[in-house]
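Here's a quick tour of a protein model, written for someone new to reading structures. Have a look at it first, then read on.

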Amino acid sequence: MFTDQKRLDQVADILKVLAHSTRMEVMLILAKHGPSSVSSIQAQLQLDQSLISHHLIKMKDKGILDSGRKGKEIHYSLTDPSLIQIINLLLKPI
């Protein structure tokens with residue numbers, strides 16, 4: 001039996017953050033294009049930059065994304081590209 005409650009809680013938190021279509025789209029964009037700025041992601045999703053920034057911060061806080069500065073822009077990247085496998089599995093027709 002799996003008894004590491006702390007790890008189960010961490011995984012549940014990650015799944016809760018991933019359980020939003022915009023966040024999944026952001027992750028798929030980052031998996032396809034690599035590190036990207038908010039404005040680059042915004043151009044692809046056609047959503048308000050403030051909304052995208054909100055989602056990026058939420059994902060970064062849970063350790064799903066990392067960020068680094070490139071000039072005046074902050075670029076976001078996936079901390080664990082294997083999370084894309086989870087999204088792709090869930091996107092398969094049932």
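## A salt bridge, and only one

A salt bridge here means a side-chain nitrogen of Lys or Arg within 4 Å of a carboxyl oxygen of Asp or Glu. Side chains of opposite charge can pair when their charged atoms come close. How many salt bridges does a search of the whole structure find? The search turns up one. In that salt bridge the side chains of K62 and D13 meet, at 3.8 Å from N to O. K62 sits in the loop between α4 and β2 (65-70), while D13 belongs to helix α1, so the pair ties together parts that are 49 residues apart in sequence.

How open are these two residues? K62 is partly exposed at 40% relative accessibility, and D13 is partly exposed too, at 29%. For these labels, buried means under 20% relative accessible area, exposed means over 50%, and partly exposed is in between (1.4 Å probe, protein chains only).

## What you're looking at

Keep in mind that this is a predicted model: local features need pLDDT of at least 70, and side-chain atom pairs count only at pLDDT 80 or more, though totals for chains, interfaces and linings use all residues. Residues are numbered from 1 along each chain as its sequence is written, and side-chain values use heavy atoms, with hydrogens and water left out.

The protein has five helices and three strands. From the N terminus on, they run α-α-β-α-α-β-β-α. Helices (H or I, at least four residues) and strands (E, at least two) are DSSP runs, numbered from the N terminus. Take the C-alpha atoms along the principal axes and they fill a box of roughly 50 × 30 × 20 Å.

## Inside and outside

Of the 94 residues in the protein, 29% are buried. The accessible surface comes to about 6,400 Å², and 55% of that belongs to carbon and sulfur atoms. Accessible areas come from the Shrake-Rupley method with a 1.4 Å probe; for residues, only the protein chains shown count as cover.

Contacts tell you about the fold as well, with contact meaning heavy atoms within 4.5 Å. Among contacts with a separation of 6 or more, 48% are between residues 24 or more positions apart.

## Two helices that cross

Two packed helices are described by the angle between their axes and the distance between the axes. On the α2 side the contact is made by T22, R23, V26 and M27, and on the α4 side by H55, L56, K58 and M59.

Leaving aside neighbours within four places in sequence, I52 is in contact with V38, I41, Q42, L45 and L47. I52 and T22 are 30 residues apart in sequence and 8.1 Å apart in space, C-alpha to C-alpha.

## A nonpolar patch

Which residues form a nonpolar patch on the surface? They are V11, L15, I86 and L90, with about 340 Å² of accessible area together. Patches are made of residues with over 30% relative accessible area and no salt bridge: like charges are joined within 9 Å, nonpolar side chains (Val, Leu, Ile, Met, Phe, Trp, Tyr) within 5 Å. Helices α1 (5-18) and α5 (83-91) each supply at least two residues of this patch. L15, which lies in helix α1, is partly exposed with a relative accessible area of 43%.

## Out in the loops

Q46 lies in the loop between α3 (38-45) and α4. Q46 has a positive phi of about 55 degrees, although it is not a glycine. It is also exposed, with a relative accessible area of 63%.

T79 is in the loop between β3 (73-78) and α5, and is partly exposed at 41% relative accessibility. Not counting residues up to four places away in sequence, T79 touches G63, I64, L65 and D66.
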